[in-house]
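Dear colleague,

Please read them with the coordinates open.

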Amino acid sequence: EQIEKGGYEHFMLKEIFEQPNAIKDTYRGRLLANKGIIQMAGIEDNIEKFTNAKRILIVACGTSWHAGLVAEYIIEEFSRIPVEVEYASEFRYRNPIINKDDVVIAISQSGETADTLAAIKLAKENGAFVFGVCNVVGSSISRETHAGAYTHAGPEIGVASTKAFTTQITILTLLALRLAKAKGTMNHSEYQRYLLELEMIPEKVEEALKTDQIAKEIASIYKGATNCLYLGRGYNFPVALEGALKLKEISYIHAEGYPAAEMKHGPIALIDEQMPVIVIAPNKGHYDKVVSNIQEIKSRSGKIIAVVTKGDVQVKELADHVIEIPEANEALTPLLTTIPLQLLSYHIAVMRSCNVDQPRNLAKSVTVE
Ligand code: G6P
């Protein structure tokens, strides 16, 4: 096992650090940035199904569901196809409306999650085209779906998903860009810029991994917390949910993820000097609004840990701690902002002597209801 961990103390840490290569493996042969080409057989063979889709329905569980939420923002923005994201466990039992011209995307690292598998069967029975995004080659979901794309992240052993999440987002970003091209919903220079930037993401993830030390220092300050709040907006709202899930899963600290602007409708009541609030605040999109959210937390004495773009000035003045990630186009920031949150959860869990790779009560793959 020590050999398999490749010198890392835990599989989770190894998998966090594998992300630059895992993302490269995901787009290898599929993203030909200089030529302006995205090619994935599962998409090319069914391109009309996608371009004619009135709606894309995404079904998944856990971290994969969070990747689906990121994809909702990206696919709608790039290709203007309406997207809905559902927990597979809800979808399968609520007699959902499924049309023949719907495309259903099922996301699953293991490809064995019982609820996701059942949602796929239901979608197929109703005539929808079902596309799988799986990591495990030959898994049940990859066999049950009409077509799909593997993430090629390599084996993920840690129960808390890390590289599966970022590689799922990578595939779904490629899909969104391919659809934008097919539908003519993005101008060529913007499309080209995204391709080149996506190709650079592994280097930026490498850079983001350098936050390990600061994440460790922050972990040592907040390891005794009983509650944590994670806030983000837009593309980074799902990252806030995922950050909170990571902390819950492995450190057993109660954590909630929220869209930053929703804070005033509830979580703000929880804020006092005991409450660490992790705010994802890259310099794009709703930056100014997030800054005012941070001011609201500060005026209630909450402790602010902010994930910001390198060179940030405004948030730095307000926050108790800042973690810097490289500059990137807003739609691609989830691939970077996620990294320090994974590291923060990891270090807190280690400092609390938790079983990081196999947290209590959780399974890597949930093959029963
Ligand atoms: C379990 C795992 C999670 C995972 C979820 C969905 O809860 O502990 O890490 O996100 O299942 O799994 P899947 O294999 O379908 O992505």
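A crossing of two helices is called left-handed if the near helix is turned anticlockwise from the far one by less than a right angle, and right-handed if it is turned clockwise. With that convention in hand, please keep in mind throughout that this is a predicted model.

Helix pairs

Helix H9, residues 163-183, and helix H10, residues 188-208, have axes that come within 11 Å and cross at roughly 160°. Since angles over 145 degrees count as roughly antiparallel, H9 is therefore roughly antiparallel to H10. The crossing in which H9 passes H10 is left-handed. On the H9 side the contact is made by Thr173, Leu177, Ala180 and Lys181, and on the H10 side by Tyr191, Tyr194, Leu195 and Leu198.

H11 contributes Asp212, Ala215, Lys216, Ile218, Ala219, Ser220 and Tyr222 to the contact, while H15 contributes Pro340, Leu343, Leu344, His347, Ile348 and Met351. The residues of the contact of H11 with H15 divide into 9 nonpolar, 2 polar and 2 charged.

The sheet that contains S5

An open sheet of 5 strands is found in the order S4-S3-S5-S6-S7, and its pairing is parallel. Strand S4 (83-87) and S7 stand at the edges with a single partner strand each, so one side of each is left without a neighbour in the sheet. From one strand to the next, the twist averages 20°.

Within this sheet, strand S5 (residues 102-108) deserves a look: 7 of its 7 residues are buried, so S5 is largely enclosed by the rest of the structure. In a regular strand the side chains alternate between the two faces of the sheet. In S5, Asp102, Val104, Ala106 and Ser108 point one way and Val103, Ile105 and Ile107 the other way, and all of them are buried.

The neighbours of S5 can be followed residue by residue. Strand S3 (residues 55-60) pairs with S5 in the parallel sense over 5 bridges, and Ile58 has Ile105 of S5 as its bridge partner. S5 also pairs with strand S6 (residues 129-134), again in the parallel sense, over 6 bridges, and here the bridge partner of Val103 is Phe129 in S6. S6 is in turn joined to S7 by 4 bridges, the two strands running parallel, with Gly148 in S7 as the bridge partner of Gly132. Helix H5 (residues 62-79) lies across S3, S4 and S5, and runs at about 170° to S4.

The sheet that contains S8

A further open sheet is formed by 5 strands in the order S9-S8-S10-S11-S12, with parallel pairing. Its edge strands are S9 and strand S12 (321-325), each of which pairs on one side only. Neighbouring strands of this sheet are turned by 20° against each other on average, direction ignored. In strand S8 (residues 227-232), 5 of the 6 residues are buried, so S8 is largely enclosed by the rest of the structure. S8 is joined by 6 bridges to strand S9 (residues 254-259), and the two run parallel; Asn227 stands opposite His254 in S9.

Positive phi values

His152 has a positive phi of about 55° although it is not a glycine, and it is found in the loop between strand S7 (147-150) and H9. Tyr252 has a positive phi of about 65°, and is likewise not a glycine; this residue is found in the loop between helix H12 (237-251) and S9. How exposed are they? A residue with 20 or more other C-beta atoms within 10 Å counts as buried and one with 12 or fewer as exposed. His152, with 19 such atoms within 10 Å, is therefore partly exposed, and Tyr252, with 16 within 10 Å, is partly exposed as well.

With best regards

Definitions and conventions
Residues numbered from 1 in each chain as written. Predicted model: local features only at pLDDT ≥ 70, side-chain atom pairs only at ≥ 80, totals over all residues. Axes fitted to C-alpha atoms, helices over the stretch in contact; angles between N-to-C directions. Parallel < 35°, antiparallel > 145°, perpendicular 65-115°, else oblique. Contact = placed C-beta atoms within 7 Å. Pairing = 2+ DSSP bridges. Nonpolar A, V, L, I, M, F, W, Y, C, P; charged D, E, K, R; others polar.
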